[in-house]
Amino acid sequence: MKFSLFLATLALLSCSHQQTPYHFDRIPSSDAPVAMFSPWEGTQAFDKMYQAISNAKQYAKVTVYSWSDPGFDKAVEAAVMNGVNVRVVLHPDLASDATTKTKVAKLEGLTGKGKASFKIAPRNMHEKFAIIDGTYLINSSANMSGGAKTKYSENFVFLTGPQFLITNFENEFAVIWNSGKDIISSDKDRVEERLPYDANNHQTLGKDVTLYSSSMNYNYDENASSDASATGRYIKLSPIGGGKGPYTVRDAIINGIKNAKSTIYCSFNHFNILDISKALVEASARGVDVKLTVDNQEFREKWSDKGIEMTPYFVENWKKLSGNSGKSAPVRVKFYSQNPSPALWLLNHHKFLLIDAGQSNPVLFTGSYNLSETAEHNQFDNMVTYKGSNYAALHKSFNEEFAKLWNLERFSDKPSKEAWDYFTVPANGVLPIHSGKAFALTFEEIIQLRDSVNKIAPDFLRQMIMKNNTCKGFDVNSKTLVGCH
């Protein structure tokens with residue numbers, strides 16, 4: 001009975017907490033990029049993307065990592081019925097999913113004036129972009145999922161130029177498409193055609209805008225195997241230099257950090273590259289105001305060279321800088337769980353850095369690239385840089401989103417009492433593990449929160465870490481985890 005009441009409390013908290021819509025000024029000109037953010041504007045952002053696909057005139061090209069939102073299916077179907085050719089490259093894991101296979105078969109079998117075509121990427125397909133008619137680009141951190149729409153912190157950039165950037169993405173898509181396998185490979189009549197690829201137009205080092213992609217770490221070789229070509233794999237990817245290849249995206253980010261003059265505001269889902277963490281510490285040492293908002297999964301009380309999370313490295317080494325001893329490190333965690341579970345995530349799923357906001361030459365990095373070795377060398381990912389005054393509205397939007405996360409559920413720069421008490425005061429004898437409502441905590445505050453919990457239930461955290469993370473809470477009377485499955 002106690003646990004049923006606890007679950008009811010959790011459900012009520014999750015459902016009753018409605019975020020106020022997040023508004024910001026936008027430049028009204030048609031060619032200016034527009035940024036939107038989940039969860040505050042998630043439904044509107046997805047509708048805008050689906051509308052663009054549905055209303056395409058000639059074609060749409062889309063990359064998909066995760067696919068559970070039915071709005072995407074409807075958009076593809078509407079486009080095909082309107083005479084549009086829709087090409088989609090899927091993450092390899094989706095190819096073995098029965099539900100995905102059923103959806104693909106249905107969409108490829110449509111008898112409209114257009115055609116839907118699906119291929120499987122040769123490595124992790126982590127990019128999330130759509131190109132409409134060669135004139136409209138949507139680049140995002142968000143997967144095609146309900147969580148990305150309503151719970152996670154995500155960003156979407158919608159733009160109609162510069163044209164060279166859209167052309168660069170056309171070539172990015174061609175690399176992924178031409179190296180991918182037709183999802184219906186047993187029927188050779190259905191093997192998809194090869195797309196044209198222009199190596200000279202894959203990347204343009206623009207004055208204001210540049211695409212950096214992990215696919216740029218590879219050579220694109222003709223696939224000599226006739227069997228491979230018969231399944232649509234027209235090219236194969238091989239690392240430049242024969243090893244892991246260069247670090248195209250990582251090095252661009254580090255270069256941006258090294259050139260920062262005043263501020264660096266970062267928002268990450270995964271932060272696993274030591275060299276970037278070192279660069280951020282070095283920027284702090286020379287007087288740059290460095291701040292990080294990260295996901296709950298990034299928290300570790302101590303950094304370990306055997307771990308992959310690099311936020312703790314930044315925290316520890318920032319405190320070693322002159323004058324910082326005893327200060328709180330400039331890192332805030334989007335906190336929603338003592339032990340995050342995929343089924344209950346409220347992710348900070350962003351991947352962006354905003355450098356020198358409010359200065360004469362600010363730079364925004366944003367895209368699909370998590371700061372990890374995996375993103376650089378084991379999957380398709382991108383970052384786009386937007387520099388200078390032409391993108392002032394875009395910089396302002398991301399600056400406001402960063403501030404939103406930095407101050408999430410904080411008042412007078414303190415965590416809200418409601419959120420704090422939720423994790424530290426037993427409800428009907430149960431201390432919860434997960435919440436339906438996130439709030440921003442510093443590393444020091446998370447340690448303080450856990451110390452408070454330990455005083456009430458000394459065995460709670462130990463049991464929680466040893467058990468799987470699907471448990472819902474800890475009964476302080478029976479001293480056992482509850483709601484586990």
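Start by selecting helix α14 (residues 417–424) and helix α15 (residues 443–456): their axes lie 9 Å apart and the two pack at an angle of about 40°. (Axes are lines fitted to C-alpha atoms, for helices over the stretch in contact, and angles run from 0 to 180 degrees between N-to-C directions; helices are DSSP runs of H or I with at least four residues, strands are E runs of at least two, and both are numbered from the N terminus.) That angle makes α14 oblique to α15, given that under 35 degrees counts as roughly parallel, over 145 as roughly antiparallel, 65 to 115 as roughly perpendicular and the rest as oblique.

Before moving on, remember that this is a predicted model, in which local features need pLDDT of at least 70 and side-chain atom pairs count only at pLDDT 80 or more, while totals for chains, interfaces and linings use all residues. Residues are numbered from 1 along each chain as its sequence is written, and side-chain values use heavy atoms, with hydrogens and water left out.

Now show side chains. From α14, W420, F423 and T424 meet E445, Q448, L449, S452, V453 and I456 of α15, where contact means heavy atoms within 4.5 Å. Sorted by class, this contact has 5 nonpolar, 3 polar and 1 charged residues. (Ala, Val, Leu, Ile, Met, Phe, Trp, Tyr, Cys and Pro count as nonpolar, Asp, Glu, Lys and Arg as charged, and the others, Gly among them, as polar.)

Next, pick helix α9 (residues 248–258) and helix α10 (residues 274–285). Their axes come within 9 Å and cross at roughly 5°, so α9 and α10 are roughly parallel to each other. On the α9 side you'll find R250, I253, I254 and I257, which meet D275, I276, A279, L280 and A283 of α10. The class count here is 7 nonpolar, no polar and 2 charged residues.

Stay on α10 for a moment. Its buried residues are I276, S277, A279, L280, V281, A283 and S284; buried means under 20% relative accessible area, exposed over 50%, and partly exposed in between, using a 1.4 Å probe and protein chains only. What covers them? The cover includes α9, β13 (263–268), β14 and α11. Just past the end of α10, click G287, which takes a positive phi of about 100°.

From there, go to S304, in the loop between β14 (289–295) and α11 (311–319). S304 counts as partly exposed, at 33% relative accessibility.

The largest nonpolar core has 86 residues, and F72 and Y386 have the most contacts inside it. (Such a core is a set of buried Ala, Val, Leu, Ile, Met, Phe, Trp, Tyr and Cys residues joined through side-chain atoms within 4.5 Å.) Helix α7 (residues 163–179) gives the most to this core, with 8 residues. Another core, of 59 residues, lies apart from it and includes V315, L353, F365 and L449.

Zoom in on Y386. Leaving out residues up to four places away in sequence, Y386 touches several others, among them V157, L165, D208, P362, L394 and H395.

Last stop: N390, in the loop between β19 (382–387) and α13. N390 is exposed, with a relative accessible area of 52%. Its C-alpha atom is separated by 9.8 Å from that of P33, 357 residues apart along the chain. Then select helix α13 (residues 392–406) and look for its buried residues, including H395, F398, E401, F402 and W406.
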